[in-house]
Amino acid sequence: MSENGLITLTADDGSEEAFFVLEKADIAGVSYLLVTDSVENEDADALILKETEEDEMITYEVLEDENELKIISKYFEELLEDVELRLE
């Protein structure tokens, strides 16, 4: 991760996309990242990424489990008092 919080992730198809990391949380031994594609837009889209490790390679997957998503998004809202997350 760069000093400005920008990370570049590579998809399975080789495409790359840059995200700004707003916050990182370690919950019950699992790491999560709250990322967005823009830090300037108040209505920017955000994703919660779940860190997994396989064969000593760390990967991030978009969190899709609804129950886990609700719990982790609530946790990030409490960490970042000025951020409101809406699930869509």
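Mentor: What follows takes the labels one by one, for a model that is predicted.

Trainee: What is the layout along the sequence?

Mentor: The protein has five strands and one helix, and they come in the pattern β-β-β-β-β-α. The strands form an open sheet ordered β1-β2-β3-β4-β5, with antiparallel pairing.

Trainee: What makes β1 and β5 edge strands?

Mentor: Count partners. β1 (6–10) and β5 each have a single partner strand, so one side of each has no neighbour in the sheet. As for the twist, the average is 45° from one strand to the next.

Trainee: How do you know that β4 and β5 are paired?

Mentor: Pairing takes at least two bridges between the strands. Strand β4 (residues 46–54) and strand β5 (residues 57–62) are joined by six and run antiparallel, so by the cut-off of at least two they count as a pair. Within that pairing, K50 sits opposite E61 in β5. The hairpin of β4 and β5 has two residues between the strands, and D55 takes a positive phi near 50° there.

Trainee: How many bridges join β3 to β4?

Mentor: Five bridges, and these strands are antiparallel too. L33 has L49 in β4 as its bridge partner. On the helix side, α1 packs on the sheet and touches β2, β3 and β4, while its direction makes about 85° with that of β2.

Trainee: Why is S31 called buried?

Mentor: Its relative accessibility is 12%, and buried means under 20%, so S31 counts as buried. S31 lies in strand β3. Leaving out residues up to four places away in sequence, S31 touches K24, A25, D26, L49, K50 and E51.

Trainee: What makes the pair of S31 and D26 a polar contact?

Mentor: The distance is one part of it: the two side chains make that contact at 2.3 Å, and the limit is within 3.5 Å.

Trainee: Which residues make up the largest nonpolar core?

Mentor: There are nine: A25, Y32, L34, I48, L63, L69, I72, F76 and L80. Another core, of six residues, lies apart from it, with F19, V21, L33 and L49 among them.

Trainee: Why would such residues gather at all?

Mentor: Nonpolar side chains tend to be buried together in soluble globular proteins.

Trainee: What percentage of the protein is buried overall?

Mentor: Of the 88 residues, 24% are buried. The protein exposes about 6,900 Å², with 42% of it supplied by carbon and sulfur atoms. Among contacts with a separation of 6 or more, 23% are between residues 24 or more positions apart.

How values were computed: Residues numbered from 1 in each chain as written. Predicted model: local features only at pLDDT ≥ 70, side-chain atom pairs only at ≥ 80, totals over all residues. Heavy atoms only, no water. Helix = DSSP H or I, 4+ residues; strand = E, 2+ residues; numbered from the N terminus. Buried < 20%, exposed > 50% of the residue type's maximum accessible area, 1.4 Å probe, protein only. Contact = heavy atoms within 4.5 Å. Areas by Shrake-Rupley, 256 points an atom, 1.4 Å probe, with all protein chains shown as cover. Core = buried A, V, L, I, M, F, W, Y, C linked by side-chain atoms within 4.5 Å. Axes fitted to C-alpha atoms, helices over the stretch in contact; angles between N-to-C directions. Polar contact = N/O pair within 3.5 Å; in protein donor to acceptor, adjacent residues only side chain to side chain.
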